Amino acid sequence: MSSFPTLEQLHAIGAKQQPTYDDPAALAGAVERLRGLPPLVFAGECDDLRQKVAAAGRGEAFLLQGGDCAEVFAEATADNTRNKLRVLLQMAVVLTYAASVPVVKIGRLAGQYAKPRSSDMETRDGVTLPAYRGDAVNGFDFTPESRRPDPQRLLDVYHASASTLNLVRAFTTGGYADLRQVHAWNSEFVRNSPVGQHYEAVAAEIDRALTFMKAIGADPDEFHRVDFYSSHEALLLEYEHAMTRIDSRTERPYNVSGHFVWIGERTRQLDGAHVEYFRHIHNPIGCKLGPNATADDALALARTLNPDNEPGRLTFITRFGHDRIREGLPPLVEKVTAEGANVTWMSDPMHGNTFEASTGFKTRRFEDVLAEVQGFFDVHRQLGTVPGGILVENTGDDVTEVIGGGEELDEHGLAHRYESVVDPRLNRVQSLEMAFKVADMLRHA
Ligand code: PEP
Ligand code: CO
């Protein structure tokens, strides 16, 4: 394989979805600072995750990736991080218990700060300013100062990611993720909902099983800690390139700003700068595939992004929309499988199901989200291939951003607590409901 490209080479290829900075010296300075900072994750951890993604590709594990569409600096607090972790642990416990498969937990967290946008500019009341591209680039407030892309924010991403990841590591190894806390992860609010009660019943069974295990003298380490991985869309070349280091052990480049990084639907051009960057790094990587992707596109991406055809290296994250998945997905899976390309298939049932509610909010229907996951499972069952995981946008809080679900949130309820700066997220109750529904699908897969 050709050697790892320089940042200049990547830019020469032409990268989509990059901000226009007006101070090149400040940008170069920020990149230089980043290059000198310690890694946030270790190459060995990325290798472990690659093995687990490979297991998911064989049907021996299931990937659960979840978190914000876009993290924001102001919310990188202890409470928020704990809440996000807690809902993912709850979902994972439901999936593990109900489907009896190990669940690989991956947060869209500690680095998910840059967003692709459909337009470079946004106009409000006759005023046109750069679009918000995530806290990694500019501010959400609609003022010229806030919307100006600021390279200093790349360093802020590093520091916010470091502190979030530090807390996650403390929570997951320091007792909070202990299975004996399974009841404590449920909160008062959720406990009173039907799905919360369903969860309590599962938790009680797990408790009994743990007590039994303890009584016979078994108390493995796995009961007390969990492996939890970080992930984000590797969008901003300056940041991602500066955070890529040659591992001394394997002498291969790894992106050390997150365990798992993915290429978005808007930047997956075969001859584009992102694909060129991704094909060199040794992390487990994802690539989104939407309704415009052809079977040939998928195969070409598999060959380019995973030239050694390593299991676990490449995950295709499909996001067709509930009404297109059943027709759209089979040709891709068939071709990739027939050609012997190793990929793990994952469903993103969120991004193909977004629409604007009559009240102006960007939303999704819980039922559409579930229907896409069901379509994904059905397609794989019919083809004899493996549904390896799901990606959700969710939060540990009781927001009102996605309509439907057991609480029957409607379009008018969205205004109550809509906090996402980009895409609508499942709230805690909807996340748990989803976990139970997906556990059923997984049991019958
Ligand atoms: C996302 O995952 O937030 C996203 C932007 O998705 P996609 O690239 O599939 O549109
Ligand atoms: Co999103």
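Reader: Why is Asp125 counted as exposed?

Author: In this predicted model, Asp125 has a relative accessibility of 81%. Exposed means over 50%, so Asp125 falls in that class. Asp125 sits in the loop between strand 3 (121–124) and strand 4 (127–130).

Reader: What makes the phi angle of Asp125 worth a remark?

Author: Phi of Asp125 is near 45 degrees, which is a positive value, and the residue is not glycine. Glu251 is another non-glycine residue with positive phi, here near 60 degrees. Glu251 belongs to the loop between strand 6 (244–246) and strand 7 (253–255).

Reader: Why can Cys69 and His351 be said to tie parts of the chain together?

Author: Cys69 is in the loop between strand 1 (62–67) and helix 4 (78–99), whereas His351 is in the loop between strand 11 (344–347) and strand 12 (354–356). The two parts are 282 residues apart in sequence, so the pair ties them together.

Reader: Why is the contact of Lys52 with Asp227 called a salt bridge?

Author: The closest N and O atoms of Lys52 and Asp227 are 2.8 Å apart. The cut-off is 4 Å between a side-chain nitrogen of Lys or Arg and a carboxyl oxygen of Asp or Glu, so the pair qualifies. Lys52 is in helix 3 (residues 43–57) and Asp227 in the loop between helix 8 (194–215) and strand 5 (228–233), so that distant parts of the chain, 175 residues apart, are linked. Side chains of opposite charge can pair when their charged atoms come close.

Reader: How many salt bridges does the structure hold?

Author: There are 32 salt bridges in the structure. Among them is that of Asp178 and Arg180, with N to O at 2.9 Å. Asp178 is buried, its relative accessible area being 8%, whereas Arg180 is partly exposed at 44%. Another joins Glu339 to Arg303, where the closest N and O atoms are 3.3 Å apart. Glu339 is in the loop between helix 12 (325–338) and strand 11, and Arg303 is in helix 11 (residues 295–305), so the pair ties together parts 36 residues apart in sequence. Both are partly exposed: Glu339 has 41% relative accessibility and Arg303 has a relative accessible area of 42%. Salt bridges with shared partners also join Asp47, Arg50, Asp247, Arg249 and Glu310 into one network.

Reader: Which strands make up the closed barrel?

Author: The closed barrel has 8 strands in the order 1-2-5-8-9-10-11-14, with parallel pairing. From one strand to the next, the twist averages 25 degrees.

Reader: How do you know that strand 5 pairs with strand 8?

Author: Strand 5 and strand 8 (residues 260–263) run parallel and are joined by 3 bridges. Glu233 has Trp262 of strand 8 as its bridge partner.

Reader: What lines the largest cavity?

Author: The lining of the largest cavity includes Gly111, Tyr113, Val157, His232, Glu233 and Tyr239. Strand 5 and helix 9 (237–242) are the elements that give two or more residues to this lining. The largest cavity holds about 60 Å³ of space, and the count of cavities of 30 Å³ or more is 3.

Definitions and conventions:
Residues are numbered from 1 along each chain as its sequence is written. Chains are lettered from A and ligands numbered from 1 in the order in which they are written. This is a predicted model: local features need pLDDT of at least 70, side-chain atom pairs count only at pLDDT 80 or more; totals for chains, interfaces and linings use all residues. Side-chain values use heavy atoms; hydrogens and water are left out. Helices (H or I, at least four residues) and strands (E, at least two) are DSSP runs, numbered from the N terminus. Buried means under 20% relative accessible area, exposed over 50%, partly exposed in between (1.4 Å probe, protein chains only). Two strands pair if DSSP finds at least two bridges between them. Axes are lines fitted to C-alpha atoms, for helices over the stretch in contact, and angles run from 0 to 180 degrees between N-to-C directions. On a 1 Å grid over the protein atoms alone, a cavity is a set of points where a 1.4 Å probe fits but cannot get out, and a pocket is an open set with protein on both sides within 12 Å along at least five of seven lines; lining residues have an atom within 4 Å of a point. Grid points are joined across faces, edges and corners, and a volume is the space filled by probe spheres set on the points.
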